[in-house]
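This report concerns helix packing and ligand surroundings in one protein model. Please consult the sequence and the structure shown here while reading.

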Amino acid sequence: MPLFGKKEEAKVDFSCLPRHIAIIMDGNGRWAKGRGLPRTAGHAAGAETFRTIATYCRDIGIQYLTVYAFSTENWKRPAQEVSAIMGLLRKYLLEAVRDMEKEKVRFVFFGDLTPLPEELRQLCREVQSDSARFEGCQVNICVNYGGRDEIVRAAKAFAADCAAGKRKAEELTEEEFSLGLWSAGIPDPELVIRPGGEERTSNFLLWQSAYSEFYFTDVNWPDFGKEELRKALAAYQSRSRRFGGI
Ligand code: IPE
Ligand code: IPE
Ligand code: MG
């Protein structure tokens with residue numbers, strides 16, 4: 001089956017889309033540099049791309065979209081860049097509160113929000129609880145998220161339950177362990193997309209992506225439009241997923 005139809009449009013079968021797409025939103029800084037702009041302008045443009053892609057995913061019927069917005073390692077960046085990213089998150093969430101009734105998207109945060117400014121944390125909690133009633137599309141925003149951190153937390157919680165006599169180590173299964181992750185109850189992503197040209201996970205969804213299909217593109221996140229998403233979906237649909245079988 002050809003991947004591209006007329007006018008080079010990616011050919012997607014919208015009747016068998018992945019249930020869960022995950023995106024490493026990378027390349028904002030390089031996008032800005034290429035235009036002679038400050039890195040923060042790239043983050044602002046990236047936030048707009050997020051809006052476009054989240055809306056498109058909802059419209060085509062994607063059930064779960066998980067986006068990597070800020071990693072446990074991103075604190076290494078200059079304080080001014082970190083605070084600009086937090087400021088953009090705040091702006092986005094205030095708009096999400098304003099548009100919630102119209103957009104009808106459920107938001108969930110993955111990651112330990114404790115190091116965030118208190119006002120921003122409160123806003124995250126508010127957005128998550130107020131949008132919990134919406135069904136259809138769930139957007140998981142990973143903030144101060146790290147795959148290793150997530151696994152260590154789940155292991156610690158399990159060990160504490162064992163020490164308290166609530167659970168037994170020998171009875172632990174993969175399914176049960178996964179209930180201790182931020183993604184508890186959510187199917188694993190069938191597709192992980194990384195724009196920006198790098199071909200690594202950078203600590204994203206390490207447990208959940210065990211059998212995900214990966215799609216890498218040199219397009220920077222601020223330039224990643226609907227057609228880029230369709231290309232990723234077409235590539236995903238051309239893959240043969242074997243899960244260790246034949
Ligand atoms: C991704 O873009 C955004 C965050 C990591 C917060 P980058 O800021 O990493 O952009 P590049 O990789 O430097 O181009
Ligand atoms: C991954 O991008 C994190 C996010 C997109 C939030 P990075 O830019 O931090 O990853 P590295 O440093 O290139 O691995
Ligand atoms: Mg980067």
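The text below treats the ligand surroundings and then the helix contacts.

The model is predicted: local features need pLDDT of at least 70, side-chain atom pairs count only at pLDDT 80 or more, and totals for chains, interfaces and linings use all residues. Residues are numbered from 1 along each chain as its sequence is written, chains are lettered from A and ligands numbered from 1 in the order in which they are written, and side-chain values use heavy atoms, with hydrogens and water left out.

**Ligand surroundings**

A residue is counted as near a ligand if one of its heavy atoms lies within 4 Å of it. Ligand 1 has 13 residues around it, of which Asp-26, Gly-29, Arg-30, Arg-39 and Arg-77 come nearest. Around ligand 2 lie Ile-24, Met-25, Asp-26, Tyr-68, Ala-69, Phe-70, Asn-74, Arg-77, Arg-194, Arg-200 and Ser-202.

The table lists polar contacts, that is, pairs of N or O atoms within 3.5 Å; within protein, one must be able to donate a hydrogen and the other to accept it, and residues adjacent in sequence count only if both atoms are side-chain atoms.

| Residue and atom | Ligand atom | Distance |
|---|---|---|
| Gly-27, backbone N or O | ligand 1, oxygen | 3.5 Å |
| Gly-29, backbone N or O | ligand 1, oxygen | 2.9 Å |
| Arg-39, side-chain N or O | ligand 1, oxygen | 2.8 Å |
| Asp-26, polar side-chain atom | ligand 2, oxygen | 3.2 Å |
| Asn-74, polar side-chain atom | ligand 2, oxygen | 2.9 Å |
| Arg-77, polar side-chain atom | ligand 2, oxygen | 3.2 Å |

**Helix contacts**

Helices (H or I, at least four residues) are DSSP runs, numbered from the N terminus. Their axes are lines fitted to C-alpha atoms over the stretch in contact, and angles run from 0 to 180 degrees between N-to-C directions.

Helix 2 (residues 39–60) packs against helix 3 (residues 79–103) at an angle of about 30°, the axes being 10 Å apart. Helix 2 is therefore roughly parallel to helix 3, a term for angles under 35 degrees. The crossing is right-handed, meaning that the near helix is turned clockwise from the far one by less than a right angle. In this contact (heavy atoms within 4.5 Å), the residues of helix 2 include Arg-39, His-43 and Phe-50, and those of helix 3 include Glu-81, Leu-88 and Tyr-92. The contact residues divide into six nonpolar, four polar and nine charged; Ala, Val, Leu, Ile, Met, Phe, Trp, Tyr, Cys and Pro count as nonpolar, Asp, Glu, Lys and Arg as charged, and the others, Gly among them, as polar.

Helix 3 also meets helix 4 (residues 118–130), with axes that come within 10 Å and cross at roughly 30°. This crossing is left-handed. Among the residues involved are Leu-89, Leu-93 and Val-97 in helix 3, and Leu-120, Leu-123 and Val-127 in helix 4. Here the division is 10 nonpolar, no polar and four charged.

Definitions and conventions. Helix = DSSP H or I, 4+ residues; strand = E, 2+ residues; numbered from the N terminus. Parallel < 35°, antiparallel > 145°, perpendicular 65-115°, else oblique.
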